[in-house]
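Subject: Structure handover

Hello,

Here is the structure I promised to pass on. Please open it next to this note. My findings follow below.

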Protein chains: 2
Amino acid sequence: MNILYDERLDGRLPDVNKADLLKALQHAIPDLDILWREEELKPYECDGLSAYRTTPMLVALPRRLEQVQTLLELCHKQNVPVVARGAGTGLSGGALPLEKGLLLVMARFNTILHIDPAARTARVQPGVRNLAISQAAAPFGLYYAPDPSSQIACSIGGNVAENAGGVHCLKYGLTVHNLLKIEVLTIEGERLTLGSEAYDSPGFDLLALFTGSEGLLGIITEVTVKLLPKPQVAKVLLASFDSVEKAGRAVAEIIAAGIIPGGLEMMDNLAIRAAEDFIHAGYPVDAEAILLCELDGVEADVHDDCQRVRDVMTEAGATEVRQARDEAERVRFWAGRKNAFPAIGRLSPDYYCMDGTIPRRELPGVLQGIARLGEEYGLRVANVFHAGDGNMHPLILFDANQPGELHRAEALGGKILELCVQVGGSITGEHGVGREKINQMCAQFNSEELTLFHAVKTAFDPLGLLNPGKNIPTLHRCAEFGAMHIHAGQLPFPELERF
Amino acid sequence: MNILYDERLDGRLPDVNKADLLKALQHAIPDLDILWREEELKPYECDGLSAYRTTPMLVALPRRLEQVQTLLELCHKQNVPVVARGAGTGLSGGALPLEKGLLLVMARFNTILHIDPAARTARVQPGVRNLAISQAAAPFGLYYAPDPSSQIACSIGGNVAENAGGVHCLKYGLTVHNLLKIEVLTIEGERLTLGSEAYDSPGFDLLALFTGSEGLLGIITEVTVKLLPKPQVAKVLLASFDSVEKAGRAVAEIIAAGIIPGGLEMMDNLAIRAAEDFIHAGYPVDAEAILLCELDGVEADVHDDCQRVRDVMTEAGATEVRQARDEAERVRFWAGRKNAFPAIGRLSPDYYCMDGTIPRRELPGVLQGIARLGEEYGLRVANVFHAGDGNMHPLILFDANQPGELHRAEALGGKILELCVQVGGSITGEHGVGREKINQMCAQFNSEELTLFHAVKTAFDPLGLLNPGKNIPTLHRCAEFGAMHIHAGQLPFPELERF
């Protein structure tokens with residue numbers, strides 16, 4: 001298999017001269033906005049994962065497809081690495097720039113091209129914000145289902161690149177399940193259409209391959225998504241438990257009962273108290289855990305399901321189950337959950353948000369394991385997460401100003417991901433691999449699988465110019481690391497490493 | 001991009017000596033069942049698309065993973081093409097053997113390994129029949145949703161290879177939407193795990209890439225699927241229309257109303273009369289078109305939806321809407337639809353079943369177009385299809401014993417697919433490309449897109465040994481053909497070509 005791409009990463013990037021590149025770009029695309037002064041580049045040195053920072057060599061802000069096409073052709077010819085960026089809200093450093101590379105910001109492609117209410121589709125440019133799609137579809141009684149918590153700011157192009165999730169993905173799927181078609185440009189500037197508006201598309205499923213590829217395969221220039229009719233009604237139940245394990249068990253049993261809630265979220269005591277202090281959502285501050293379960297659909301159906309979920313929760317040991325009495329209370333219940341991260345931010349100078357996925361049946365055991373690990377490392381861990389998906393977000397609280405605490409937090413984070421992989425889960429749920437989890441990929445996949453990833457990468461980008469150093473680690477990196485794949489619980493898991 | 005694979009196809013396959021290969025296989029895997037006599041090979045000369053026939057050089061029937069692994073290593077080393085086959089029910093010739101290649105039959109891998117009712121998953125070997133999974137899951141109130149009409153015979157490995165659909169795919173998705181994980185062997189005999197039992201899997205989405213890849217990327221050795229709880233109730237409505245266009249419009253409006261039926265099927269007058277003669281389903285033989293609409297879910301929900309669908313159909317011009325009075329009538333309504341193909345087979349010595357997909361809104365126009373084309377070519381066309389998906393199955397009736405009729409039928413078929421592509425649809429819905437539609441792929445995709453397909457193929461199978469000549473045409477073939485991609489309705493569409 002071809003490992004050309006492999007050989008290009010990890011500091012072995014081509015040496016690009018900033019002044020030369022700037023001149024070449026200005027010459028080739030006179031009307032392109034390019035940032036090159038130190039102070040202009042500063043705002044682009046990180047994305048939502050602020051722990052990793054690099055000043056990009058140049059930032060390009062195109063407005064037209066032809067500009068992007070010419071830019072890519074030029075970078076390809078001159079061997080310049082290109083990192084794409086949407087709104088920069090990603091949480092794994094997928095849009096972290098390169099010192100020796102161009103940052104291609106697609107934010108100005110922000111036009112909604114067409115809403116087709118009969119076909120229930122929206123065709124939009126990649127810089128359109130996630131929420132803006134639902135807002136444009138609202139007059140037709142439609143919306144776009146995936147709702148990452150950054151939905152007010154994040155762009156659909158970034159959602160596709162990261163295969164973004166959200167609270168409602170349990171029922172409505174990830175980004176990949178809500179996509180019909182994308183237009184992309186390869187690093188050589190070739191235009192490709194992946195997927196189709198028809199039900200199925202022949203040939204290899206390159207649309208799915210592209211979704212979640214984190215900018216390694218091409219630049220997204222247009223996105224056509226499915227829209228869904230807004231559910232007639234949505235009801236929320238809030239259940240209290242005297243242990244996180246019981247709450248975990250209730251989650252597994254709700255799903256096993258054949259009910260698929262619109263959302264099913266868990267918060268532990270630390271998160272409950274933080275959110276209640278901040279938002280006054282009406283949460284039971286003495287509960288060890290709460291579940292928020294939203295049921296949506298047609299009236300009669302939702303009514304029946306509410307009763308069934310109540311029964312299952314009570315049987316699983318809920319000490320109290322409350323249904324939001326009205327829309328105002330429903331919104332309040334969710335506001336507590338949606339603001340849980342900033343709420344926890346008030347408890348501690350710093351926190352480190354993890355994103356691991358586990359099979360649902362493992363929830364009670366993994367929650368116990370996380371608590372044990374937290375004690376061992378002497379750090380508080382709050383849990384707020386998409387319980388229905390098994391997508392956990394442990395938040396490790398620490399103070400970077402205390403010597404050693406950052407290091408301890410990172411080590412604990414590594415241990416928690418280790419635990420996820422050990423029970424058959426994965427090192428990322430919805431935040432992607434990006435730069436943050438590049439080392440953990442060595443544990444998730446064996447060398448044959450990683451080699452195959454590189455071969456696929458090479459099929460799209462033979463020179464390895466698109467977002468190098470993200471998503472797929474080189475075998476070299478994994479070998480240096482001493483952490484090739486995990487066998488039978490034997491986990492030589494390394495701590496997170498800085499870029 | 002690497003086009004090594006490209007250069008190997010279209011008759012430029014390696015020259016393999018049958019006796020040498022047989023000896024080598026018998027030596028390397030003494031307990032492997034191999035068929036090599038002419039009369040033993042005969043049953044394997046075609047799959048469900050019987051118009052294409054080739055006698056394979058050898059047929060291998062392994063029972064154990066290690067046998068497959070050794071066999072692939074040997075074929076890789078000796079440069080022998082390998083075509084995988086499940087139950088051989090495919091309708092596009094995807095399992096058509098090669099004269100100079102080995103046919104690898106995976107049918108004996110037919111063990112259901114594990115049903116997990118709590119996680120709602122089934123882990124099975126690739127030769128397990130589609131329906132057998134649902135039967136094994138039935139005691140837990142669960143089933144496997146995708147239901148191709150061959151479900152009693154077709155194997156799950158073949159379903160994954162072809163991304164099989166079925167009547168219920170409108171609501172429950174294609175095979176790719178119901179898969180969690182597969183185990184595969186590469187042509188080099190390497191074992192890979194694609195996907196995971198957790199909600200999402202990091203890295204590129206190779207599971208989706210593999211699904212529908214028609215045996216070009218590797219051999220499937222294990223499949224883990226999602227199971228769904230059986231719906232509480234299912235009701236069927238039968239609506240009559242005095243024109244196919246009105247029925248087509250009703251389909252678009254049902255979906256636009258936000259209702260997602262379990263199944264939504266259309267039959268035109270020719271198909272109605274054929275089915276009624278054969279099955280006595282109680283169909284209205286004077287109707288120009290009927291719609292069968294199944295609604296499933298919980299009682300109250302289904303009741304509401306039935307009323308809404310009735311209203312929409314009536315408004316769209318239905319002359320009559322009947323609800324199956326009881327389970328017996330519901331089964332009878334479906335029996336007519338499910339036996340429509342053999343019923344039409346009674347009307348004509350031969351028929352040619354097409355499989356194109358179009359955006360739903362185009363249904364009325366495309367149905368008119370098909371009727372016009374049928375008149376032009378002097379052939380009858382019956383329409384029986386998954387209307388909700390826009391997945392059409394026009395059946396062209398002809399008599400191969402009448403000089404020129406086969407040729408005319410094929411030409412008409414080409415024109416119909418052409419029409420599908422022109423309105424933004426695709427040349428295949430659920431039957432795959434296989435050998436049958438390899439030429440039409442030249443019209444569906446441009447040379448950049450085809451080159452990318454080849455590059456992806458090369459990433460998995462650098463020597464191009466897995467199922468060459470299927471799914472992805474060589475650029476050489478498309479060039480010879482004079483049919484590179486369709487631009488703005490300009491369609492130099494070639495007639496179907498025999499292998």
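**Between the chains**

Arg361(A) and Asp116(B) form a salt bridge, with their closest N and O atoms 3.4 Å apart. (A salt bridge here is a side-chain nitrogen of Lys or Arg within 4 Å of a carboxyl oxygen of Asp or Glu.) The count between chain A and chain B is 3 salt bridges.

A word on the basis. This is a predicted model, in which local features need pLDDT of at least 70, side-chain atom pairs count only at pLDDT 80 or more, and totals for chains, interfaces and linings use all residues. Residues are numbered from 1 along each chain as its sequence is written, chains are lettered from A and ligands numbered from 1 in the order in which they are written, and side-chain values use heavy atoms, with hydrogens and water left out.

Back to the interface. Chain A puts 67 residues into the contact and chain B 68 residues; contact means heavy atoms within 4.5 Å. About 5700 Å² is buried between the two chains, and carbon and sulfur atoms give 64% of that. (Buried area is the accessible area, with a 1.4 Å probe, that two parts lose on being put together, summed over both.)

Which element of chain A gives the most to the side that touches chain B? Helix 16 of chain A does, with 9 residues. (Helices are DSSP runs of H or I with at least four residues, strands are runs of E with at least two, and both are numbered from the N terminus.)

**How the copies relate**

Chain A can be laid on chain B with an RMSD of 0.1 Å, by a turn of 179° and a shift of 0.0 Å along the axis.

**A sheet in chain B**

In chain B, 4 strands form an open sheet with mixed pairing, in the order 1-2-4-3. (Two strands pair if DSSP finds at least two bridges between them.) Strand 1 (33-35) and strand 3 (82-85) of chain B are the edge strands, each pairing on one side only. Strand 1 of chain B pairs with strand 2 (residues 58-61) of chain B in the antiparallel sense, over 3 bridges. Leu35(B) stands opposite Val59(B) in strand 2 of chain B.

Best wishes

Key. Copies are superposed by least squares on the C-alpha atoms of residues with pLDDT of at least 70 in both.
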